[in-house]
Amino acid sequence: MNIAALRGVIAGSVAAAACLLLSAQGSAATPRPDFTGVWTNAGAPGIGGATRAAPTPLPFKPQAQARVHAFEELMKPTGDSPGGWCLGYGMPGSMLNSGGYPMEIIQRPDQLTIIYEAHGETRHVYLGKRNAPQADRVPGRNGYSSAHWEGDTLVVETDNLVDQVDQRYAHSDQATVVERYHLEAKPDAQGRRVLVADMVMTDPAFYTAPVSAQKKWAEVPNGRLLPYECAEEVWTQHLEEMAKKAGVPVP
Amino acid sequence: MKRTVLIACTTALLGFAAVASAHHSAVQFDFTKQVPITGVVKQFRAINPHMQLTLQVTDAKGTRDVELEGHSTNNMYRSGYRKGMINAGDTITVNVAPPRVGGDGGYVVSATTAKGEFFGMKSSRLADAAKVQATAEGR
C-alpha cells in the first residue's frame, strides 16, 4: 500500500469512528425514560378514574347503547360490579381506574410489566421481537399489548380484547386501545415525577368515533404494592358452608 | 393514642370501585352519614374486597350481633390499621355509613380500638370525615 492509499484508509477510519461516536452521542442524548417504579393517582390521593374523562355522552352506536343501558339497569338495584366479584377491571378500566389503588411498572428494554394492585391485574407490554405472533395472542379483559418508542413517548397498542359491556368505557371484542405514555417535564408540587397516559379507544362495533381520556400518576418514592387477595372471602364462606353441611367445625 | 390517618381510597365508596363487596355493593350504604356503634368483637376478618366484623351490641333494642363490613385490607393498612389491633373479645367503637334502608349493619369507615388506637378513611363523600378524624386524634 502506498502512502496516499494509507492516508485514505486512515482518513476513512477516522471519519467512520467519528460517525460512530456522533451516532452514539446522538443516542445518548435521547435516552429512553425509565418508568420503573410505583405510581399512584396524581392529584387527590387514592381517587381513581381518569384525570380527564372522555366527554359524555359517549358516542355509542344504538345497539351498543342499548346493551350498556340494559347492563346498567340490571346492576342498579345492587350496584354490583366485576370488581365486587373479584374480577379485574380489564382495559381500559385497569389503566384509567383500578379502584384508586397504585400500580407498579417494571421496565426492561423489550418488555414492560405493569401490575395494578387491585386484583393483582397484570399487563405485559412487549416491544420489538419480544412480541408474539398475532395468531398466538390470547384474548382477554386486558388484551394483548405491544409497544414502540416515539422519542421519549412510549406508544402502547392493545388488541385482542374481549367484549366488556361491564366497563365504564364499554367495548366490544373489536376494540383497540392506544396509550401514549410520557413523563411530564417538571415534577409536581411534592417533587414527584408525573407519568401521563393519553388513551384513545377505537371500536367500530360500539362507537361512532374514538373515545379519548387521560390518566396521570405521581411516583411513590420507594413505594411498595400491597397484596390483594380478593377471592378469600368467597372461599372462606364456601369452606364454612361445607363444614356446616358435613356437621363438623371449620378445620 | 394519636394516630395519623392517611387519606385513602374513596372510590371504594363509589359504586364502581374494585373494593365493592363480593356480595353487596357500597351503594347500599349512606356515606353522607356516620353512626358510631360500640360493641364487643365476636368475629373480625381483615380481607379483600371487604373487611368483615361482627359486633355484639347492647342498646335500647337489646343485645344482638350486628354484621358489618368495611374497606379492603389494603386500604385499612393505608389508613393506619395494623395486624392485631382488633381481636375477638375487644370492646371497640366503629363509625359506620348506615344502610340506606335502615336497620342494623353498615360500612365501617373508621374504628377506635380497645387500646384507643384510631384508623379510618377520609372520603370526599364524607362531609364530616375531617371532624371525625380530628375528634379521634384529640384535636
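1. In chain B, β2(B) and β3(B) form a hairpin with two residues between them. Strands here are DSSP runs of E of at least two residues, and helices are runs of H or I of at least four residues, both numbered from the N terminus. The model is a predicted one, in which local features need pLDDT of at least 70 and side-chain atom pairs count only at pLDDT 80 or more, while totals for chains, interfaces and linings use all residues. Residues are numbered from 1 along each chain as its sequence is written, and chains are lettered from A and ligands numbered from 1 in the order in which they are written.

2. Glu69(B) has Tyr107(B) in β5(B) as its bridge partner. Strands of a sheet pair through backbone hydrogen bonds, in either the parallel or the antiparallel sense.

3. Chain A contains four helices and nine strands, arranged from the N terminus as α-β-α-α-β-β-β-β-β-β-β-β-α. A closed barrel of nine strands runs β1-β2-β3-β4-β5-β6-β7-β8-β9 (chain A), with mixed pairing. Neighbouring strands of this sheet are turned by 30° against each other on average, direction ignored; the axes are lines fitted to C-alpha atoms, and angles run from 0 to 180 degrees between N-to-C directions.

4. One pairing in chain A is that of β5 (residues 144-150) with β6(A), which is antiparallel over seven bridges. Here Glu150(A) has Thr153(A) in β6(A) as its bridge partner.

5. The largest nonpolar core has 36 residues, of which Trp39(A), Ile114(A), Met199(A) and Met201(A) touch the most other members. Such a core is a set of buried Ala, Val, Leu, Ile, Met, Phe, Trp, Tyr and Cys residues joined through C-beta atoms within 7 Å. Buried means that 20 or more other C-beta atoms, placed from the backbone, lie within 10 Å of the residue's own. A second, separate core of 26 residues includes Met51(B), Met85(B), Ile86(B) and Ala111(B).

6. Leaving aside neighbours within four places in sequence, Met201(A) is in contact with residues including Pro92(A), Tyr169(A), His171(A) and Val211(A); contact means C-beta atoms, placed from the backbone, within 7 Å.

7. Buried residues make up 30% of the 251 residues in chain A.

How values were computed: Pairing = 2+ DSSP bridges. Buried ≥ 20, exposed ≤ 12 C-beta atoms within 10 Å, placed from the backbone. Contact = placed C-beta atoms within 7 Å.
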